[in-house]
Amino acid sequence: MDIETHLTLHRVRAAELCGEAEAYRLAAVARRRRGLRVRLGWTLVEVGLRLAATPKRADVLPAC
């Protein structure tokens, strides 16, 4: 195999690997953002349910 052919193949493969690494990095960032969004969303749902379930009667509220 000619040295120029070998170097060309090496450069092509290196470029492919860099592209795959960048795609993986972007996908990992997107997954982290979605995870945080999901956790925040469920936390808001839980807080909303607690607020909706709180009794609003005067005899249940503590006296000041």
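Select R13 to begin: R13 is partly exposed, with a relative accessible area of 41% (buried means under 20%, exposed over 50%, partly exposed in between, with a 1.4 Å probe and protein chains only). This is a predicted model, in which local features need pLDDT of at least 70 and side-chain atom pairs pLDDT 80 or more, while totals for chains, interfaces and linings use all residues. Residues are numbered from 1 along each chain as its sequence is written, and side-chain values use heavy atoms, without hydrogens and water.

Next, select E22 and R25, whose salt bridge has its closest N and O atoms 2.7 Å apart. E22 counts as partly exposed at 37% relative accessibility.

Proceed to R31, which is placed in helix α1 (residues 3-53). Together with R32, R33, R34 and R37, R31 forms a positive surface patch.

Then select V38, W42, V45 and L49, which make a nonpolar surface patch of about 430 Å². V38 lies in helix α1 and is partly exposed because its relative accessibility is 43%.

Finish at E46 and R50, a salt bridge with the closest N and O atoms 2.8 Å apart. R50 counts as exposed at 56% relative accessibility, whereas E46 is partly exposed at 41%.

How values were computed. Patches are made of residues with over 30% relative accessible area and no salt bridge: like charges are joined within 9 Å, nonpolar side chains (Val, Leu, Ile, Met, Phe, Trp, Tyr) within 5 Å. Accessible areas come from the Shrake-Rupley method with a 1.4 Å probe; for residues, only the protein chains shown count as cover. A salt bridge is a side-chain nitrogen of Lys or Arg within 4 Å of a carboxyl oxygen of Asp or Glu. Lys and Arg count as positive and Asp and Glu as negative; His and the chain ends are not counted. The place of a charge is taken as NZ of Lys, CZ of Arg, CG of Asp or CD of Glu. Helices (H or I, at least four residues) and strands (E, at least two) are DSSP runs, numbered from the N terminus.
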